[in-house]
Amino acid sequence: MAEPLVRVPDAKVALSTASVYPESTATAFEIAARLGYDGVEVMVWTDPVSQDIEALRRLSDYHRIPVLAVHAPCLLITQRVWSTDPWTKLQRARAAAERLGASTVVVHPPFRWQRQYARDFVAGIWRMANETDVRFAVENMYPWRYRDREMLAYAPDWDVTKDDYRHFTIDLSHTSTARTDAIHMIDRMGDRLGHVHLADGRGSAKDEHLVPGRGTQPCAQLLERLALSGFDGHVVIEVNTRRAMSGAEREADLAEALAFTRLHLASALKVPRP
């Protein structure tokens with residue numbers, strides 16, 4: 001005879017500060033604490049507070065909510081944040097993570113027009129990873145599409161499993177936009193999967209970042225796989241709440257995302273009775 005045993009992995013569930021946009025980084029700390037998240041991932045972007053390590057530390061201390069990860073400024077709108085040099089951006093992201101006690105820096109592969117950076121990227125990420133205990137977790141991206149045309153915007157590739165990195169981030173909104181199989185991707189990542197951006201999508205050419213469970217991505221299946229594998233990284237809710245009509249509606253979406261994640265991280269195992 002066997003009885004079900006609920007196994008919950010050590011993974012913590014964090015809120016990306018991007019999930020409250022257009023609200024501020026400070027608001028994300030407040031919401032994360034109020035809803036019961038385990039921590040936050042700071043998206044470093046045009047909000048000055050997101051760039052200020054001491055301000056982030058004060059927010060973390062005040063709300064008693066740790067910074068678990070730092071997302072380096074890799075977006076088009078952050079090309080001038082923390083320098084125009086991409087390696088300087090990563091060095092500052094690492095320093096921020098170390099000072100804030102975060103275990104992970106999330107980084108995108110370079111844009112194709114960043115030729116020198118792209119040429120040195122894989123080797124450079126390994127060099128930086130060897131200099132710190134912070135994980136540099138390189139995130140899967142997607143081809144850009146317009147009507148029936150496709151543009152490969154990232155180098156060496158949007159599918160980061162084609163290159164050799166110590167740690168990966170998987171983003172399920174990005175697998176949706178890329179129209180690739182998320183489960184096959186985590187299989188390719190194997191034990192190098194160090195970080196998860198949890199969101200959903202319906203296969204649109206736009207990067208949708210829906211609340212998990214509202215699209216077609218295998219969000220529940222992926223979380224259950226993490227539970228069974230003993231995943232010890234972080235699961236970060238990175239969703240788009242820009243269309244929320246009020247603060248209450250935004251918080252309801254973020255509460256739903258947290259509940260979904262915790263439910264599916266608690267995986268039932270069957271083990272023999274001793």
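**Close-up views of a predicted model**

**View 1. Aspartate 253 and its contacts.** Apart from neighbours within four places in sequence, aspartate 253 is in contact with Val211, Arg214 and Thr241. The model shown here and in the other views is a predicted one. Aspartate 253 belongs to helix H8, which covers residues 247–265. Is aspartate 253 buried or exposed? Its relative accessibility is 13%, and because buried means under 20%, aspartate 253 counts as buried.

**View 2. Helix H8 along its length.** H8 has 19 residues, which should span 27 Å at 1.5 Å a residue. The end C-alpha atoms of H8 are 27 Å apart, in agreement with that value. The buried residues of H8 are Arg250, Glu251, Asp253, Leu254, Ala257, Leu258, Phe260, Thr261, His264 and Leu265. An α-helix has 3.6 residues a turn, so residues three or four places apart point the same way.

**View 3. Strand S6 between its partners.** S6 pairs with strand S5 (residues 104–107) in the parallel sense, over 4 bridges. From S5 the chain crosses through helix H4 (residues 115–129) to S6, and this β-α-β crossover is right-handed. In the pairing of these strands, threonine 104 stands opposite arginine 135 of S6. S6 is also joined to strand S9 (residues 167–171) by 3 bridges, and these two strands run parallel. Which residue of S9 is the bridge partner of alanine 137? The partner is histidine 167.

**View 4. Helix H3 and what packs against it.** Helix H3 runs over residues 86–100 and has 15 residues. The distance from its first C-alpha to its last is 21 Å, close to the 21 Å expected at 1.5 Å a residue. The buried residues of H3 are Pro86, Trp87, Lys89, Leu90, Ala93, Arg94, Ala96, Ala97 and Leu100. These buried residues pack against helix H2 (53–63), strand S4 (67–71), S5, H4 and S6. Just after H3, glycine 101 takes a positive phi of about 80 degrees.

**View 5. The largest nonpolar core.** Which residues touch the most other members of the largest nonpolar core? Among its 66 residues, they are Tyr37, Leu90, Ile170, Leu226 and Val235. H3 gives the most to this core, with 6 residues. Leaving out residues up to four places away in sequence, leucine 90 touches Ala72, Val107, Tyr117, Ile125, Met128 and Phe136. A second, separate core has 7 residues, including Met141, Tyr142, Ala153 and Ala178.

**View 6. Aspartate 52 and alanine 96.** Aspartate 52 sits in the loop between strand S3 (39–43) and H2. With a relative accessible area of 35%, aspartate 52 is partly exposed. Alanine 96 is one of the buried residues of H3. Along the chain, aspartate 52 and alanine 96 are 44 residues apart, and their C-alpha atoms are separated by 8.8 Å.

**View 7. Two buried cysteines.** Cysteine 74 has a relative accessible area of 15% and is buried. Cysteine 219 also counts as buried, at 1% relative accessibility. How many disulfides does the structure hold? The number is 0. A disulfide is a covalent bond between the sulfur atoms of two cysteines.

Notes:
Residues are numbered from 1 along each chain as its sequence is written. This is a predicted model: local features need pLDDT of at least 70, side-chain atom pairs count only at pLDDT 80 or more; totals for chains, interfaces and linings use all residues. Side-chain values use heavy atoms; hydrogens and water are left out. Two strands pair if DSSP finds at least two bridges between them. A crossover is right-handed if, with the strands pointing away from the viewer, the path from the first strand over the helix to the second runs clockwise. The expected span of a helix is 1.5 Å times one less than its number of residues. Buried means under 20% relative accessible area, exposed over 50%, partly exposed in between (1.4 Å probe, protein chains only). Contact means heavy atoms within 4.5 Å. A disulfide is a pair of cysteine sulfur atoms within 2.5 Å. A nonpolar core is a set of buried Ala, Val, Leu, Ile, Met, Phe, Trp, Tyr and Cys residues joined through side-chain atoms within 4.5 Å.
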